[in-house]
Amino acid sequence: MTATILEGRALAKLLREELRSAIYDFRQARGAAPTLAVVQVDGDPASDSYVRSIGRACEGVGIAFALHTLPADSSQATLERTIGALSADAGVHGILLQLPLPARLDPTGAIAQIDARKDVDGVTPTSAGRLAQGLPCLLPNTPAGGMELLRHYRISLAGKRAVVVGRSNIVGKPMALLLLHEHATVTIAHSRTPDLAAVVREADIVVAAVGRAGLISGDMLKPGAVVIDFGINVQNDGSMVGDVEFASAAEVAGAITPVPGGTGPVTNMMLLRNVLRAAADS
Ligand code: NDP
């Protein structure tokens, strides 16, 4: 069997066009652009390049982008005051706190300052609680993007067995909830799960959200399984691979996201969509 490739780049292009047009309408109606504020504590080159890419993505669809870079030695109080001020600013519709923070800063306290109505990264406990209860909320972008890919390729979920490998608050756990809301029967596996291969082999839908190259190989998959690979692993030669061994998995799976070009591009579009939603609800 050779799997259908779930093309995130192509879907992201479609979503970008839809967003550009919806944002144009928003600007005409409101006389102002949806506005995203990004708060970053200086000192992490990987964050710099990610933040720049968000800036370019915003510019491409007509979202105003304001970067607040705090000095590397900023205190917790300064960080919280900055986020609190953005939460209170009616001209700011979305707030993204760039994580991870330097180890001496407390992300929980900083996240607590984000108004949940502006939580375009879906990181606040309010967003997480609303998601758990199936109430409307701004979803975390990575799992929202995975679900968007499944919807776009019309992959049915009701009654399917889904296994999500990884239980972080930002990827694995919300993905499991979103699959559950679509009536899949969901198992969450993690680093203490014995015999991961046996668990994964039961799944019609396999989601990898770990950060370990080659953790899941083709011989662990049920033939025809749909594989969503969120993993981002940079190899020694600078190339990027997912958590799933693509070549062997594509021989067994029914459909699979490539890395790069699968979930990543769609994630960025989900962020932009959240900014528009937050602005429309303001
Ligand atoms: P975390 O490090 O927060 O979580 C990793 C999870 O994997 C943990 O729950 C951990 O279990 C589990 N895990 C670790 N080792 C194993 C193992 N051997 N077997 C089974 N489970 C294991 O990562 P994130 O959730 O933030 O990110 C996951 C991946 O997704 C990363 O590669 C990250 O780069 C990528 N990512 C991709 C995005 C995209 O747009 N595609 C966006 C954001 C992240 P335990 O809880 O027991 O420690």
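S47 is buried, with a relative accessible area of 5%; buried means under 20% relative accessible area, exposed over 50%, and partly exposed in between, with a 1.4 Å probe and protein chains only. The residue lies in helix α2, residues 45-61. Helices (H or I, at least four residues) and strands (E, at least two) are DSSP runs, numbered from the N terminus. With neighbours within four places in sequence left aside, S47 is in contact with Q40 and Q98, where contact means heavy atoms within 4.5 Å.

S87 is also buried, at a relative accessible area of 15%, and its place is in helix α3, residues 76-88. Leaving aside neighbours within four places in sequence, S87 is in contact with I95, Q113, I114, D115 and K118. The C-alpha atoms of S87 and A37 are separated by 9.8 Å, the two residues being 50 apart along the chain.

## Basis of the values

The model is predicted: local features need pLDDT of at least 70, side-chain atom pairs count only at pLDDT 80 or more, and totals for chains, interfaces and linings use all residues. Residues are numbered from 1 along each chain as its sequence is written, and side-chain values use heavy atoms, with hydrogens and water left out.

## Packing against α10

Helix α1 (residues 8-30) packs with helix α10 (residues 263-280) at an angle of about 20 degrees, and their axes are 9 Å apart. That angle makes α1 roughly parallel to α10. Axes are lines fitted to C-alpha atoms, for helices over the stretch in contact, and angles run from 0 to 180 degrees between N-to-C directions. Angles under 35 degrees count as roughly parallel, over 145 as roughly antiparallel, 65 to 115 as roughly perpendicular and the rest as oblique. The crossing of α1 and α10 is left-handed, meaning that the near helix is turned anticlockwise from the far one by less than a right angle; clockwise would be right-handed. Residues of α1 including L11, L15, L19 and F26 meet residues of α10, among them V266, M269, L272 and L276. The residues of this contact of α1 with α10 divide into 15 nonpolar, 1 polar and 4 charged. Ala, Val, Leu, Ile, Met, Phe, Trp, Tyr, Cys and Pro count as nonpolar, Asp, Glu, Lys and Arg as charged, and the others, Gly among them, as polar.

The axes of α2 and α10 come within 11 Å and cross at roughly 60 degrees, which makes α2 oblique to α10. The crossing is right-handed. Y50, I54, A57, C58 and V61 of α2 make the contact with N268, L271 and L272 of α10. This contact of α2 with α10 has 7 nonpolar residues, 1 polar and no charged.

## Helix α7

In helix α7 (residues 172-181), the buried residues are G172, P174, M175, A176, L178 and L179. Their cover includes α5 (125-132), α6 (141-152), β5 (161-165), β6 (185-189) and β7 (205-208). H183 follows α7 and has a positive phi, near 75 degrees.

## The chain as a whole

The chain has 10 helices and 11 strands. Its radius of gyration is 19 Å, close to the 19 Å that the globule rule gives for 282 residues, so the chain is as compact as a globular protein of that length. The radius is taken over C-alpha atoms, and the rule is 2.2 Å times the number of residues to the power 0.38. Taken along the principal axes, the C-alpha atoms fill a box of roughly 50 × 45 × 40 Å.

Buried residues make up 47% of the 282 residues. Of the contacts between residues at least 6 apart in sequence, 69% join residues at least 24 apart.
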